[in-house]
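The following note sets out, point by point, what may be said about the model shown here.

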Amino acid sequence: MITTIIMLLIGVTLVSITVLVSVRPWRQALISRRVFATYKRILPQMSDTEREALEAGTVWWDGELFRGDPDWNKLLAYPVPKLSPAEQSFMDNEVEHACALVDDWKVTSEDFDMSPEAWQYIKDKGFLGMIIPKQYGGLEFSAFAHSQVVTKLSTRCSALSVSVMVPNSLGPAELLLHYGTDVQKNHYLPRLAKGVEVPAFALTSPWAGSDAGSIPDVGVVCKGVWKGQEVIGMRVTWDKRYITLGPVCTLLGLAFHLYDPDALLGDKKHIGITCALVPRDTPGADIGRRHVPLNAMFMNGPTRGKDVFMPLDYVIGGPAMVGHGWRMLMECLAAGRSISLPSSNAGMAQLTARTVGGYARVRSQFKMAIGRFEGVEEPLTRIGAYTYMMDAVRKMTAGAIDLGERPSVVSAIAKYHVTERARQVVNDGMDIVGGKGICLGPSNFIGRAYQQLPIGITVEGANILTRSMILFGQGAIRCHPYVLKEMKAAYNPDTEQGLLDFDEAFFGHAGFTLKHAFGALAKGLTGSRFVPVPANVAPETRRYYQQLTRFSSAFAFLADISMLVLGGELKRREKLSARLGDILSMLYLCSATLKRYESEGRQQADAPLMHWAMWDTMYKAQMAFDGVIANFPVRWIGSMLYRIVFPLGHPYDVPSDRIGHQVAKLMIEPSAARDRLTAETYLPKVASEPVGAVELALLATIEAEPIEARIRAAEKTGALADNPDANVRDLAHAAFAAGIVTAAEYAVLKRRNELRDIVIRVDDFPHHLGQSRQEAVVHKAAA
């Protein structure tokens, strides 16, 4: 009887709650209005620049990952980016020739710049106008083609790749295409397309750094004389640094706060951030000095101006676009983050994979190629698998741009994680190459990449800031199906309409949270084995799709609980926010890797690369979950979260050594898989080039190995015991003299030895090198 009464009471309670929630006027009066008032009170005020940053760009695959139940069919249906015939021809001809024109050692150590011939070639052939439409004389290449070009150039010389990528990313051309007046487009775009104008964009201030919205550079609307007539213009003062191509630019894009104290344009005193185009010869513009960014030698430097008068026509988009600069920058920033930095760093990874893998087969220690030592296999594995994943992310993200997306969160993920993995890849490469890598010189194929790694980590938003403040902070608002709706409702000046909108979003949000709480628990208890996945995916990847869906559901729940418990405090809990961003990022990286594996035809030879990359990244996602839960400020909630997310413990361990061995083996021998992994690497065909020497030495080593094995067998019998030439350097000569190898075989060994010695050679210089270089620097600066 008592049990019946209890069950009846529970039933009545559930029915009452259901009725209350279902009848909108009742729930608004009893629940929503109170929650809405509290929410408005605790919601922090948002500046115009913060709001514009949040609203800029589009939500793409990141939105699917955030909603907890990704539609994998949608991912698989995204078109695979491909080069047009014209773009492929450009890669095969103009890009190859541009690479051949540049000697990285000469650029970085002797001339401190590209040669005039190289500069003129990239201007004449349209490298600086790849994104400009054909109607203005540009190449009108796709974002994917842009990415392919930058990736290949980056395997040759950073000065070359940066000089090409900057005019095609965030800068005057990009901004003019989207916001310029017809007069501005018709005048500047043809000149930019042909390299008559060299562009740069000046945003970063010494006093603002990554907080670009706080730049102190100002313009004041006033009257002044321009070309003999009095006009309304701006008197602008700026002090910028880190401006790529700044020292050689002829057209400077400039961002500054614009004020109108005399109300010449209207009644708004602080108009807002404005972007203008400033020709180099504008009186008062100080342009020309340069920084030295870790000996990369691409042009980069400061620019300054004091009370420089310029007409309103200098504003990009004309007077109608004053004050809209921040939105313009935020909407166009995706190009730099989505293409430039991922592409250049993927290029460095490809170069490392190709050269270090070859070196590890050519270089022997203890009578065995160093690439066969397990200790060396470990970093070789990371190099190969990370390069595979980095390139997958690069291609998928560039493809999104070609689909018309401006994915602000995805672009930040791509920029952060590709540059960070490039750091790991090149560091691992340096560990393998060892002493040769630390001595700079013409034959060092990895030293400059190692030296210049922090550049990618720093530019287009410092990585520390990106991880701790943007990935989840912006992602949670933009990608979540309800959070932005709730915020917009709270900011709505029409309180009653705001309440209606909030009520709908809030109860949708509540249902979303409960759904994923139960979903995460159910998937954890069943190991996600009943999660449906598309029937047409590769069987060997099926479990990854299921586990990614599980992690996506758990992430959606964990993110909601974090926002509910911490509210605005989460913005200041940067470590927690960073780990939540790590989870979202790992889900995106895995998605791109699976997409690549499918789009390339499920190449079985590439499967070890895919498996190791997936397993490693899923393990890192798991550890990020642990990091959030273990440090959750309310301990009992943290314990509850762990039991929901991992009810049966962790599903992932570190990647297996067996798969790692397969990846490392792939790295040290020629194959179609190795060629696909390093497809954009510029490969000179002569031994006088360091990369060419590795390529030739690898082939010669493989040809010589069977012969050398026979010599080693002869050594064990004592056939060479008394021969002083039977050492690691002269063994081939000793074997030939003893009749162990034929003349033809000896020729093979001699050729291998010659190429091996070129590859392992370490450059040396006269002892007065420092003095000579200092004199060269002074001479170059004076010139």
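1. Aromatic pairs. The model is a predicted one, and 25 aromatic pairs are found in it. In one of them, the ring centres of Phe-625 and Phe-646 are 5.9 Å apart and the ring planes stand at 85°; since an angle over 60 degrees counts as edge-to-face, the pair is edge-to-face. Phe-625 belongs to helix H23 (residues 607–630), whereas Phe-646 is in the loop between helix H24 (635–645) and helix H25 (657–667), so the pair ties together parts 21 residues apart in sequence.

2. Surroundings of that pair. Are Phe-625 and Phe-646 buried or exposed? Phe-625 has 0% relative accessibility and therefore counts as buried. Phe-646, with a relative accessible area of 2%, is buried as well. Both rings belong to one aromatic cluster, which is formed by Phe-551, Trp-615, Phe-625, Tyr-642, Phe-646 and Tyr-652.

3. The largest nonpolar core. In soluble globular proteins, nonpolar side chains tend to be buried together. Here the largest nonpolar core has 126 residues, and the members that touch the most others are Trp-61, Leu-380, Phe-555, Tyr-588 and Phe-625. Helix H15 (residues 408–433) supplies the largest share of this core, with 13 residues. Another core, of 91 residues, lies apart from it; Ile-132, Ala-200, Ala-202 and Ile-287 are among its members.

4. Contacts of Tyr-588. Which residues does Tyr-588 contact, leaving aside its neighbours within four places in sequence? They are Trp-60, Trp-61, Leu-65, Val-393, Met-396, Thr-397, Val-410 and Ile-413. One of these, Trp-61, is itself listed with Tyr-588 among the core residues that touch the most other members.

5. Strand pairing. Strand S2 (residues 218–226) pairs with strand S3 (residues 229–244) in the antiparallel sense, over nine bridges. Within this pairing, Val-218 has Thr-237 of S3 as its bridge partner. The two strands form a hairpin with two residues between them, and Lys-227 in the turn has a positive phi of about 55°. S3 is also joined to strand S7 (residues 300–311) by nine bridges, and these strands run antiparallel. Opposite Gly-305 in S7 stands Trp-238.

6. Most residues other than glycine have a negative phi. Met-297, in the loop between strand S6 (285–287) and S7, has a positive phi near 70°. Its relative accessible area is 5%, and Met-297 is thus buried. Ser-528, in the loop between helix H20 (495–525) and helix H21 (542–566), has a positive phi near 60°. Ser-528 is buried too, with a relative accessible area of 0%.

7. His-611. This histidine is placed in helix H23. Not counting residues up to four places away in sequence, His-611 touches Glu-540, Tyr-544 and Ile-659.

8. Helix H11. Helix H11 (residues 172–179) is mostly covered, with six of its eight residues buried. The buried residues are Pro-172, Ala-173, Glu-174, Leu-175, Leu-176 and Tyr-179.

9. Overall form. The secondary structure comprises 30 helices and nine strands. Of the 783 residues, 56% are buried. Among contacts between residues at least 6 apart in sequence, 77% join residues at least 24 apart. The C-alpha atoms fill a box of roughly 100 × 95 × 45 Å along the principal axes. A compact globule of 783 residues would have a radius of gyration near 28 Å, and the value for this protein, 30 Å, agrees with that.

Key. Residues numbered from 1 in each chain as written. Predicted model: local features only at pLDDT ≥ 70, side-chain atom pairs only at ≥ 80, totals over all residues. Heavy atoms only, no water. Phe/Tyr/Trp six-rings, centres within 6.5 Å; stacked < 30°, edge-to-face > 60°. Helix = DSSP H or I, 4+ residues; strand = E, 2+ residues; numbered from the N terminus. Buried < 20%, exposed > 50% of the residue type's maximum accessible area, 1.4 Å probe, protein only. Core = buried A, V, L, I, M, F, W, Y, C linked by side-chain atoms within 4.5 Å. Contact = heavy atoms within 4.5 Å. Pairing = 2+ DSSP bridges. Rg over C-alpha atoms; globule rule 2.2 N^0.38 Å.
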